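Okay, thanks everyone for coming. I'd like to walk you through one model today, so let's get it up on the screen.

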Amino acid sequence: EKGYETGEHAPGLKLGGCGAYKAAHHIIKTHAKVWHSYNNTWRSEQQGMVGISLTSGWGEPVDPHSQADIDAAERYIQFHLGWFANPIYRGDYPEIMKNYVGQKSAQQGLGTSRLPTFSLQEKTYIKGTSDFLGIGHFTTRYVLQRSFPLLQASSYHTDRDLAELVDPNWPVPGPNWLYSVPWGFRRLLNFIKTQYGNPLIYVTENGVSEKEQCTQLCDEWRIEYLKGYINEMLKALNDGVNVKGYTAWSLLDKFEWNKGFSERFGLYHIDFKSKNKPRYPKASADFYRKIISANGFPNPREVMS
């Protein structure tokens, strides 16, 4: 969406209302082709796994008693995660996505939907092409129904007919989009279990960046974030969600899309201005090391010994 609709990321194309859908369509078909290639050629010899990693926030209805808000929250997640996961696990785009983009395309006088369609052959070819689901997750939004006038230019955002809100009490340890809402993580993982037949999950990204450099490397907010999110993931495991692995994002400060080196997600601070780029552990590195060694939250007595 940022690469093919708003032009914010590379390749910087502004193809409003159709660019992101076309790009995603090609990604899904290409993913399936790679999976089949591995399945037919290498699997018997290597016994490896091929999956896809999808990043998604969680959408919670503003009013849990309002059907309009419940439906809007459902659209939020289907237009995020379902867009890619539904074809792979269930054989086609989410019905809600097809309906909304189709209706809006018709209202705009277009002969066909801006959301491309899979042929019957393609649906069969794509369905089941993932041995595991990689999940990147960072934050949550409250969601409510919001209708956009037809006069506006079509876009992925206006197709969904929803508005995203945040609770001002949620901590904002990093950039302005990344609020710390650990409970959303458990709900997302349970949604995946219910919707896609409890697939094998590897959490491929979960972490927080910092707004400004902490000279003492004392990133307590990152420790609190990781503690909260890992704890909710453990609750999801107790719920029966099939989470097999977890990766904190990220080991090192690094190049972060159009934010360059200004947004730091690392457990290790990197001095980018120095020729040798020295690395220094932040407080979170020690915290995470203990979690890894205990494969969970360590017993305080074990840590002391």
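**A walk through the model**

Let's start with glutamate 205, which is in contact with Ile135, Gly136, His137, Phe138, Thr247 and Trp249, leaving aside its neighbours within four places in sequence. Contact here means heavy atoms within 4.5 Å. Before I go on, the ground rules: this is a predicted model, where local features need pLDDT of at least 70, side-chain atom pairs count only at pLDDT 80 or more, and totals for chains, interfaces and linings use all residues. Residues are numbered from 1 along each chain as its sequence is written, and side-chain values use heavy atoms, with hydrogens and water left out.

Why this glutamate? The "active site" annotation in UniProt, from an unreviewed entry, covers Glu205. UniProt positions are given in the numbering used here, feature names are shortened, and annotations may be inferred rather than shown by experiment. Glutamate 205 sits in strand β6, residues 201–205. On naming: helices (H or I, at least four residues) and strands (E, at least two) are DSSP runs, numbered from the N terminus.

So is glutamate 205 buried, exposed or in between? It counts as partly exposed because its relative accessibility is 22%. The cut-offs are under 20% relative accessible area for buried, over 50% for exposed, and partly exposed in between, with a 1.4 Å probe and protein chains only.

Leucine 200 is in the loop between α7 and β6, and at 18% relative accessibility it counts as buried.

Helix α7 itself covers residues 183–195. Its 13 residues reach 19 Å from first C-alpha to last, close to the 18 Å expected at 1.5 Å a residue. That expected span is 1.5 Å times one less than the number of residues. Its buried residues are Gly184, Phe185, Leu188, Leu189, Phe191, Ile192 and Gln195. Seen down the axis of α7, they fall within an arc of 155 degrees, so they line one face of the helix. The arc is that of the directions from the helix axis to the C-beta atoms. And the background: an α-helix has 3.6 residues a turn, so residues three or four places apart point the same way. After α7 comes glycine 197, with a positive phi near 75 degrees.

How accessible is arginine 222? Its relative accessibility is 1%, so it counts as buried. Its side chain makes a polar contact with the side chain of aspartate 219, at 2.6 Å. A polar contact is a pair of N or O atoms within 3.5 Å; within protein, one must be able to donate a hydrogen and the other to accept it, and residues adjacent in sequence count only if both atoms are side-chain atoms.

Next, the core. Which residues touch the most other members of the largest nonpolar core? Leu81 and Trp83 do, out of 57 residues. Helix α3 (residues 67–90) gives the largest share, eight residues. There is also a second, separate core of five residues, including Ala73, Tyr76, Val143 and Leu162. A nonpolar core, by the way, is a set of buried Ala, Val, Leu, Ile, Met, Phe, Trp, Tyr and Cys residues joined through side-chain atoms within 4.5 Å.

Most residues other than glycine have a negative phi, and most peptide bonds are trans. Here, a cis peptide bond joins alanine 10 and proline 11, with omega about 5 degrees. Another cis bond joins tryptophan 249 and serine 250, again with omega about 5 degrees, and Trp249 is one of the contacts of glutamate 205. Glutamine 47 is not a glycine, yet its phi is positive, about 55 degrees, and glutamine 47 is exposed at 61% relative accessible area. Tryptophan 257 also has a positive phi, about 50 degrees, and is exposed at 57%.
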